[in-house]
Amino acid sequence: MIEGNKLWEQTLEKFMAEQTASDTIDLLSEVSKVYKFENNLIYLIVPNALTKFRLEKFYNNKLNEIVQRLTNSNIKYKFILQEDIKEDEQPPLLIKDTINKRPLRAEYTFDNFETGESNRFAFISAMKVAETPESLYNPLYIFGDVGLGKTHLMMAIGHYILDNNPKTNVVYTSAQEFTEDYFLATSTKKGRENIEEFYEKYRSADVLLVDDIQFLEGKQGTQEEFFKVFEYLHGLNKQIVITSDRSSNELKNMMLRLKSRFNWGLSVDIKHPDKKLRINILKRKIGFLIEDPKVVPEEVLDIIADHFTTNIRDLEGAIRRYITYCVSLNIPFTVENVYVALDRLIPEKEVEVNKEQDNKKKFEKVKKAVSKYFQLSVSDLESSSRKQQITYARQMAIYIIKKLYNPVLKTIGESFGGRDHATISHSIDKIDKLLTSNSMVKTDYDILIKNIEEK
Ligand code: ADP
Ligand code: MG
C-alpha cells in the first residue's frame with residue numbers, strides 16, 4: 001500500500017518533470033488515491049469514466065514506462081472508478097498534495113500565456129513585476145472583463161517569483177476570501193487569537209496577490225482592514241498585485257484612500273482577444289489535449305474562434321468539449337462534428353449567417369480599396385474580364401483577402417463571380433511569387449494593406 005503510494009509519487013514527479021501541459025496536470029490531479037498494489041499492478045482511483053478513458057488512452061503507456069524504469073520491473077498502473085470500490089475498502093491515504101504545493105494553479109504560468117495585442121502590455125508589466133518585485137510598479141493593478149486571463153497573469157507572477165526564490169512568501173487570496181477570513185477572525189469566540197492569525201497571514205506576505213478586488217465594493221469594514229494590510233506591506237516595499245473587473249476609478253462604494261492607493265503603481269488592462277490570439281490559444285490548447293494538433297482542421301478553429309470572442313475560458317471550454325467528444329466517441333475531427341459537439345453552444349445556422357455577413361463586409365472593404373487604388377470599379381474585379389490591369393487587381397484583392405482573413409478558398413471564389421477553387425489558388429500563388437520578385441507589386445501590396453487597415 002505505502003509502497004504503491006511512493007511509486008506513484010515518484011512516477012508523477014518524473015512525469016511532471018518531462019511534461020508541464022496544463023490539462024495533463026489537471027487530469028493527473030484527479031487521481032486521488034492509490035487503491036492497492038497487487039500482482040505487479042498499482043490500482044489508481046479516478047473520479048469518473050471520462051477521466052479514466054483519457055488516462056488509459058493517452059497516459060497509461062508513459063506512466064507504465066516510468067514506473068518500470070524506476071523499479072526495473074514490469075509493474076503497471078491500472079485505473080479504477082471510485083464508485084467501483086466498496087465503502088469499507090476505501091484507502092486512507094490522500095496524495096493529491098504531491099502535485100501542487102503552491103497556492104497557485106500549476107498551469108497558470110507565463111509559459112502558458114499566449115500574448116496578442118489585447119494583453120501584451122499587461123503581460124510585459126506582469127513580467128517586469130515578477131522579475132523585480134520591489135519595483136515602482138507597486139501595486140500592479142490588472143483589470144478587464146471576466147475570463148480574459150487576469151487570474152492567470154497574477155498567478156504567473158507568483159510562480160515566477162517562487163521559481164527564482166522558493167523561500168518567498170507568496171500569499172494569494174481573492175477579495176472574497178479576504179472578506180471571509182476577516183469575518184471569521186472577528187466573529188468567533190476566540191476573537192483576539194483569530195485576529196492575530198489573520199494579521200499574521202497577510203502581513204507576513206512578501207508578495208500579496210489579491211484577486212477580484214471589486215468584491216470589496218460596499219464592504220466598508222473589510223475595506224478598512226484591507227487598507228491597513230496594504231499600507232503595512234507597501235511601507236515595507238512588499239509587492240502587491242491586484243486584479244479587478246474594472247478600473248480603480250470605476251469602483252463604486254470604495255474608500256477614496258484605497259482607490260488612490262490603487263493608482264500609486266501601474267494600472268494595466270486586458271482587452272478582448274482578437275481573432276489571431278483566439279486561434280493561437282486554441283492551437284496551444286489542442287496541443288495539450290491530443291498528440292498531433294494538426295489533425296484538427298483550421299476551419300474548426302475558425303468556427304470556434306468566430307463564435308467565442310469575448311471570454312477565453314469559454315473558448316477553451318469549447319475546444320475541450322469538441323476534442324473530448326470526438327476522442328471519446330472515436331469519430332473524426334470534422335467541421336460537422338463541431339456543430340454536434342457544441343450543440344446549443346453554437347447553433348449552426350446562426351454561425352453560418354454571421355460568418356457570411358461578416359465575410360461580405362470584410363471582402364467588400366478589400367474590394368473597394370483595391371478598385372479605388374487601381375481606378376477600377378468593384379464590378380470590374382468581380383467580372384470575367386481578362387484585361388491585364390483588371391486581372392492583376394483581382395488577383396491582388398484575392399491575395400489580400402486570403403492574407404488578412406484566411407477564409408476557405410471556396411468562399412473567396414463565390415465572392416468573385418463564382419470562380420473555382422483552382423483559380424483562386426492560382427491567383428494567390430501568383431501574387432505570392434511576384435511579391436518576392438517584383439518590387440512594384442510589393443509597393444502596391446504595402447500601400448493597399450495600409451489603406452485597408454486604416455479603414
Ligand atoms: P479572469 O481571471 O480574467 O476571469 P482567468 O485568468 O481565469 O480569467 O482566465 C480564464 C481562462 O483562460 C484560464 O483557463 C486561463 O488559463 C485562460 N487564458 C486567459 N488568457 C490566456 C492567454 N493569454 N493564454 C492562454 N490562456 C489564457
Ligand atoms: Mg479571475
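User: What's the place of Gln-223?

Analyst: Gln-223 sits in helix α8. Keep in mind that this is a predicted model.

User: Is Gln-223 buried or exposed?

Analyst: Gln-223 has a relative accessibility of 2%. Buried means under 20%, so Gln-223 counts as buried.

User: And which residues does Gln-223 touch, not counting those up to four places away in sequence?

Analyst: There are Leu-216, Glu-217 and Gly-218, and then Asn-253, Met-254, Met-255 and Leu-258.

User: Let's go to the helix. How do α6 and α8 pack?

Analyst: The angle between α6 and helix α8 (residues 220–235) is about 100°, and their axes are 10 Å apart. The two helices are therefore roughly perpendicular to each other.

User: Which residues meet there?

Analyst: From α6 you have Phe-178, Thr-179 and Tyr-182, and from α8 Gly-221, Thr-222, Glu-225, Phe-226 and Val-229. That contact divides into 4 nonpolar, 3 polar and 1 charged.

User: OK, on to the sheet. What's the strand order?

Analyst: The order is β5-β6-β7-β4-β8, 5 strands in an open sheet with parallel pairing. At the edges are β5 (170–174) and β8 (266–270), each pairing on one side only. From one strand to the next, the twist averages 15°.

User: Which helices pack on the sheet?

Analyst: Helix α4 (residues 120–131) does, touching β4, β7 and β8, and its direction makes about 140° with that of β8. Helix α6 (residues 175–187) packs on the sheet too, touching β5 and β6 (207–211), with its direction at about 90° to that of β5.

User: Zoom in on β4. How many bridges does it make with β7?

Analyst: Strand β4 (residues 140–144) and strand β7 (residues 239–244) pair over 4 bridges, in the parallel sense. Leu-140 has Val-241 as its bridge partner in β7, and Tyr-141 has Ile-242.

User: What about β4 and β8?

Analyst: Those pair in the parallel sense over 5 bridges. For Ile-142, the bridge partner in β8 is Val-268.

User: How many residues of β4 are buried, and which way do they point?

Analyst: 5 of its 5 residues are buried. Leu-140, Ile-142 and Gly-144 point one way, while Tyr-141 and Phe-143 point the other way. In a regular strand, side chains alternate between the two faces of the sheet.

User: Which residues touch the most other members in the largest nonpolar core?

Analyst: Leu-140, Leu-153, Ile-157, Val-296, Ile-304, Tyr-322 and Ile-323, in a core of 56 residues. Helix α12 (residues 312–329) gives the largest share of this core, 8 residues.

User: Pick Ile-157. What is it in contact with, leaving aside neighbours within four places in sequence?

Analyst: Ile-157 contacts Phe-110, Ala-126, Val-129, Ala-130, Leu-140 and Val-241.

User: One more, Asp-211. Where is it, and is it buried or exposed?

Analyst: Asp-211 is in strand β6. With a relative accessible area of 2%, Asp-211 is buried.

User: What does Asp-211 touch, residues up to four places away in sequence aside?

Analyst: Thr-151, Met-154, Tyr-172, Thr-173, Ser-174, Ala-175 and Thr-243.

User: And what separates the C-alpha atoms of Asp-211 and Asn-253?

Analyst: 18 Å, and along the chain the two are 42 residues apart. Asn-253 is one of the residues that Gln-223 touches.

Technical notes. Residues numbered from 1 in each chain as written. Chains lettered and ligands numbered in written order. Predicted model: local features only at pLDDT ≥ 70, side-chain atom pairs only at ≥ 80, totals over all residues. Heavy atoms only, no water. Pairing = 2+ DSSP bridges. Axes fitted to C-alpha atoms, helices over the stretch in contact; angles between N-to-C directions. Contact = heavy atoms within 4.5 Å. Core = buried A, V, L, I, M, F, W, Y, C linked by side-chain atoms within 4.5 Å. Buried < 20%, exposed > 50% of the residue type's maximum accessible area, 1.4 Å probe, protein only. Parallel < 35°, antiparallel > 145°, perpendicular 65-115°, else oblique. Nonpolar A, V, L, I, M, F, W, Y, C, P; charged D, E, K, R; others polar.
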